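The sequence and structure are shown first.

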Amino acid sequence: MQSESLSLADVLAALLDEAGDVTTPTDREYARHGMTFATRPAEDAVELRLGPEIGEAAMRTPDTGPSQRGPDWIRFSPRDWDDHAFDRLEAWFLVAWRLAGKRR
């Protein structure tokens with residue numbers, strides 16, 4: 001599928017299906033084993049818990065900034081949700097999901 005036909009909600013739904021054991025403690029909040037690892041605080045933004053090292057590297061990526069949730073988190077809010085943005089979201093979502101599984 002091309003990004004022009006996909007929305008952020010579509011991509012997140014596909015990632016949730018791929019990731020498996022994800023719960024939604026609140027609307028737009030995603031957790032694994034009780035550990036929240038991603039949120040969608042706005043229609044055009046996703047926040048991900050990547051840890052300090054990966055988060056620091058991710059902060060050098062365009063359209064990425066700090067999250068109010070703390071230093072382990074990044075906020076990703078590109079102006080255009082194109083293929084590159086969706087690729088970054090997929091990679092970071094899966095990293096955050098894996099890290100949440102290790103924090104049990």
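Two residues are in contact when heavy atoms of the two lie within 4.5 Å. The model discussed here is predicted.

**Surroundings of T64**

T64 is part of strand β4. Which residues does T64 contact, leaving aside its neighbours within four places in sequence? These residues are A58, M59, I74, R75, F76 and W92. Is T64 buried or exposed? Buried means under 20% relative accessible area; T64 has a relative accessibility of 14% and is therefore buried.

**The sheet**

Strand β4 belongs to an open sheet of five strands, arranged in the order β1-β2-β3-β5-β4 with antiparallel pairing. At the edges stand β1 (29-32) and β4, each of which pairs on one side only. From one strand to the next, the twist averages 20°.

| Strands | Sense and bridges | Facing residues |
|---|---|---|
| β3 (residues 45-49) and β5 (residues 73-76) | antiparallel, four bridges | L48 and I74 |
| β4 (residues 64-66) and β5 | antiparallel, three bridges | P66 and I74 |

Residue I74 of β5 is the bridge partner of L48 and also the bridge partner of P66.

Strands β4 and β5 form a hairpin, with six residues between them. Within the turn, G70 has a positive phi of about 130°.

**Helices**

Which strands does helix α3 lie across? Helix α3, comprising residues 83-102, lies across β1, β2, β3, β4 and β5. The helix runs at about 35° to β3.

Helix α2 comprises residues 51-58 and includes G51. The relative accessibility of G51 is 4%, so this residue counts as buried. How many residues separate G51 from L15 in sequence, and what is their C-alpha to C-alpha separation in space? The two are 36 residues apart in sequence and 20 Å apart in space, C-alpha to C-alpha.

Terms used:
Residues numbered from 1 in each chain as written. Predicted model: local features only at pLDDT ≥ 70, side-chain atom pairs only at ≥ 80, totals over all residues. Heavy atoms only, no water. Pairing = 2+ DSSP bridges. Helix = DSSP H or I, 4+ residues; strand = E, 2+ residues; numbered from the N terminus. Buried < 20%, exposed > 50% of the residue type's maximum accessible area, 1.4 Å probe, protein only. Axes fitted to C-alpha atoms, helices over the stretch in contact; angles between N-to-C directions.
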